[in-house]
Amino acid sequence: MSTETSASLATQETKKEGLLSKKNIQILRDPLDDTNPVTVQILGVCSALAVTVQVKPALIMALGVTVVTAFSNLIISLIRNSIPNRIRIIVQLIVVAMLVTIVDQVLKAYLFDVSKKLSVFVGLIITNCIVMGRLEAFALAQKPWPSFLDGIGNGLGYGIILVVVAFVRELLGSGSVFGIKVVPQWLYDMGYVNNGLMMLPPAALFLIGIYIWWQRSRNKNLINAS
Amino acid sequence: MQNLINILIKTIFVENVIFAFFLGMCSFLAVSKKIKTAFGLGLAVVFVMLLTTPLNYLILRYMLQEGALSWIHPSLASVDLTFLSFILFISTIAGAVQLVEMVVEKFMPGLYNSLGIFLPLITVNCSILGASLFMQEREYNFAETTAFSLGAGIGFFLAIVLLAAIRERLRYSNIPAPLQGLGIAMIITALMGLAFLSFSGIQL
């Protein structure tokens with residue numbers, strides 16, 4: 001769990017500044033690529049892999065994680081001065097568990113089929129290391145607004161990986177995107193077959209491995225971060 | 001009895017928590033650089049899993065499910081508290097881990113020293129909470145839950161020790177720089193997952 005990279009950001013206190021000042025924009029943007037929670041900080045890999053067979057559940061999952069990360073960051077940051085240090089983990093877990101319960105109930109009420117597909121992985125947002133990692137590394141030492149932005153940024157960074165992996169898996173694995181067929185019939189007639197491997201769990205690991213390879217060969221600073 | 005053995009073998013090999021569900025990947029990747037530490041973490045996971053999942057089963061069965069509260073008073077029979085399961089499950093796990101840590105420290109200092117920092121970290125290991133949630137979703141009974149949690153723990157143990165063994169050897173191989181560390185660990189896990197897929201041919 002290498003959260004050091006972004007923990008350095010957390011040490012400096014911000015003075016009075018606009019809601020979307022340069023620094024805040026950076027807090028929002030950095031996790032999308034340079035400090036991506038999945039591929040650089042190695043947080044939240046668990047669920048990043050399991051829900052990526054199709055794009056739609058992946059998108060919903062990404063949305064859920066973004067909401068939970070952003071609001072738990074906000075809440076913890078608001079009460080950060082009144083949490084005793086020794087029991088902070090329990091306090092964090094309860095706040096996160098409460099938010100996840102809300103997300104779960106909303107999904108069950110409005111998107112039942114997706115909620116069935118995600119099965120236990122909605123509940124597992126509680127132990128998703130991104131949420132806890134950002135609380136520990138950022139929200140405990142920062143003001144509410146930057147914490148909120150940090151949560152959104154990290155949730156979206158996680159979402160990017162999820163959607164990229166899910167896009168490739170659904171395209172190659174079942175020839176569709178968002179459940180809509182995109183591979184034309186004449187290609188199948190010529191002998192094209194869907195790649196069954198993409199539907200199996202290991203494919204997600206291969207794709208993330210390749211993504212990390214590509215990201216690190218593009219940005220040499222990230223090499224040997226772990 | 002045969003049913004229980006089936007569940008055990010199925011959760012260890014066919015539906016391994018790591019290779020089929022990716023639960024606990026964070027610590028799986030972070031703590032698999034040396035066999036010795038991987039062994040310690042794996043052991044701790046087996047232990048905590050075997051303790052918390054049956055405990056959560058009892059909580060679910062006697063406190064949360066619809067009709068579960070009827071042992072207090074018949075009028076409570078229609079109360080369904082399953083929406084509280086996330087909060088209660090994670091509290092049980094956090095509490096149990098704390099308790100285990102204290103007991104092990106007091107009575108088995110040798111084991112405590114070898115497990116070290118991994119014990120408290122287990123609280124946020126997805127595989128522990130995942131086992132409890134799978135238990136709830138699949139509606140196991142108590143014996144099945146115990147077999148399932150043992151299998152899931154051993155599956156994690158097996159996977160992390162295997163990966164650590166491979167990564168120790170990797171130090172001597174020539175990997176492209178951008179792929180070193182996390183990248184190659186991912187790809188190796190994928191290859192191991194493919195190997196484990198061969199178990200899915202087992203008829204149970």
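Helix α4 of chain B gives the most to the nonpolar patch, with 4 residues; helices here are DSSP runs (H or I, at least four residues), numbered from the N terminus. The model is predicted, so to speak of local features requires pLDDT of at least 70 and side-chain atom pairs count only at pLDDT 80 or more, while totals for chains, interfaces and linings use all residues, and side-chain values use heavy atoms, with hydrogens and water left out. Residues are numbered from 1 along each chain as its sequence is written, and chains are lettered from A and ligands numbered from 1 in the order in which they are written.

The patch covers about 760 Å² and is made by B:F39, B:L43, B:L99, B:M102, B:V103, B:F107, B:M108 and B:L111. The elements that give two or more residues to this patch are α3 and α4 (85-107) of chain B. Patches of this kind are made of residues with over 30% relative accessible area and no salt bridge, with nonpolar side chains (Val, Leu, Ile, Met, Phe, Trp, Tyr) joined within 5 Å; a salt bridge is a side-chain nitrogen of Lys or Arg within 4 Å of a carboxyl oxygen of Asp or Glu. B:L111 is placed in helix α5 (residues 109-115) of chain B.

The structure holds 11 aromatic pairs over all chains, where rings of Phe, Tyr and Trp (its six-membered ring) pair if their centres lie within 6.5 Å, and planes over 60 degrees apart count as edge-to-face. Two edge-to-face pairs are set out here.

| Pair | Centre to centre | Angle between planes |
|---|---|---|
| B:F39 and B:F157 | 5.2 Å | 65° |
| B:F196 and B:F199 | 5.5 Å | 65° |

B:F39 counts as partly exposed because its relative accessibility is 40%, where buried means under 20%, exposed over 50% and partly exposed in between (1.4 Å probe, protein chains only). B:F196 is buried at 9%, whereas B:F199 is partly exposed at 28%. B:F196 and B:F199 also belong to one aromatic cluster with B:F13, B:F19 and B:F28.

B:T189, found in helix α9 (residues 182-197) of chain B, is buried, with a relative accessible area of 0%. Leaving aside residues up to four places away in sequence, B:T189 touches A:L205, B:I18, B:F19, B:M25, B:F28, B:L29 and B:L163, contact meaning heavy atoms within 4.5 Å.

Terms used. Phe/Tyr/Trp six-rings, centres within 6.5 Å; stacked < 30°, edge-to-face > 60°. Patch = residues over 30% accessible without salt bridge, like charges linked within 9 Å, V, L, I, M, F, W, Y side chains within 5 Å. Areas by Shrake-Rupley, 256 points an atom, 1.4 Å probe, with all protein chains shown as cover.
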